Amino acid sequence: MKTKVAIIGSGPAGLILGQLLHNQGIDNVVIDNKSQDYILGRIRAGVLEQSTVNIIRELGISERMDREGLVHNGFTMIWGQDCQRQRIPFTELTDGKIMMVYGQTELTKDLLAARNACEAFSFYDAEDVTPHDFYSESPLVSFKHQGEEYEVHCDYIAGCDGFHGVSRQSVPVKEMTVYENAYPFGWLGVLADVPPVSDEVVYQHHQDGYVLCSMRSPTRSRYYIQVSLDEKLEDWSVDRFWAELKRRLPDDLAEKVVTGPALEMSIAPLRSFVCEPIRFGNLFLVGDAAHIVPPTGAKGLNLAASDAKELFNGLMQFYQQGDSEGLEQYSSKALDRIWKAERFSWWMTSLFHKLDDSAFRQKMQLSEIHYLAHSKAGQTTIAENFVGLD
């Protein structure tokens, strides 16, 4: 087969890139080693920055998001033993930008429906997916599908296959520099069909560990509590989780918590990861293949979308104008935004989590939160990073 862009992976990054290209008449093929059912069954993030909302609208698939998504104009911080709190009104502080709560699973449904409707070539359940010759002018992707061997010859390869995918692993180690930070705690999370405790997201700094109260819809809630990396999921019943969540929350919020069976319960480690560069010849890394952020800043899905848009802009400039400048600048321009998001995610993680038993460090955290809560400049800093930098 011959195409212009071979896309490895069909998470949000790959599907957004594929649909952007298709809408401009740029041929592309999507190849994934998972089934569509598996992809739709993954439960991931669900908070979209203003720029990501704009991309989904640009794709022409925003009808359900605009109808069912929950627009957020701020979030609440809680801290200290006396449970002080402050709402950060980010819409007021960022010239009207919003956040949209719309689950990644739902967004993936919309993207897959659009992909299937446009009848562009897609291969799922592919085996032995491998990029070749991406330092040459004739790159290709080989794989097996339903017992037959395929080669997709292309101009460019977009590696959108996540942190554990083959794209980055195919690059010689000497060609990249890796920056990584593993955090000494994790998030124990529960997804449940219960109404959320608040209309907006709640971040709480608690002496026994961070608490996040979020939601996916008016009837589906997502809660997290900080736990040690030594914790084992089998030691946590859903009843124990609800009890610990209520214990950490202020009394007025704890009373509002509606409990129920867990649709999904897991412990996730937190890490920061970036590789540089994210272009290797005619192979471009996009999304989690290039970087990972701790979820505290809600940046993972949004960075994937911004990477896809940045690469699309370069590809469109090349195919429509014959100008490769955008492709040449993809790595540096994308990394500029990536590192800003990494910084914000690292800062929010360091600010709200229990880092150790140092009384001095805890006092510094509380002092900084108190300053941010009472400074318009501080609140603006949080707000403009939270809704996403242009």
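**View 1. Contacts of Leu-17 in a predicted model.** Beyond its neighbours within four places in sequence, Leu-17 is in contact (heavy atoms within 4.5 Å) with Ile-7, Ala-158, Cys-160, Ala-308, Leu-311, Phe-312 and Leu-315. This is a predicted model, in which local features need pLDDT of at least 70 and side-chain atom pairs pLDDT 80 or more, while totals for chains, interfaces and linings use all residues. Residues are numbered from 1 along each chain as its sequence is written, and side-chain values use heavy atoms, without hydrogens and water.

**View 2. The largest nonpolar core.** A nonpolar core is a set of buried Ala, Val, Leu, Ile, Met, Phe, Trp, Tyr and Cys residues joined through side-chain atoms within 4.5 Å; buried means under 20% relative accessible area, exposed over 50%, and partly exposed in between, with a 1.4 Å probe and protein chains only. This core has 72 residues, and Ile-16, Leu-17, Ile-31, Ile-278 and Leu-311 touch the most other members. Helix H10 (residues 300–321) gives the largest share of the core, 8 residues. Another core, of 32 residues, lies apart from it and includes Phe-90, Leu-93, Val-201 and Met-215.

View 3. Helices (H or I, at least four residues) and strands (E, at least two) are DSSP runs numbered from the N terminus, and two strands pair if DSSP finds at least two bridges between them. Strands E1 (residues 5–8) and E2 (residues 28–31) run parallel and are joined by 4 bridges; Ile-7 has Val-30 of E2 as its bridge partner.

**View 4. Ser-221 in strand E16 (residues 220–228).** Ser-221 counts as buried because its relative accessibility is 0%. A polar atom of the Ser-221 side chain lies 3.3 Å from the backbone oxygen of Pro-195. Leaving aside neighbours within four places in sequence, the contacts of Ser-221 include Val-190, Leu-191, Val-194, Ser-214 and Met-215.

Key:
A polar contact is a pair of N or O atoms within 3.5 Å; within protein, one must be able to donate a hydrogen and the other to accept it, and residues adjacent in sequence count only if both atoms are side-chain atoms.
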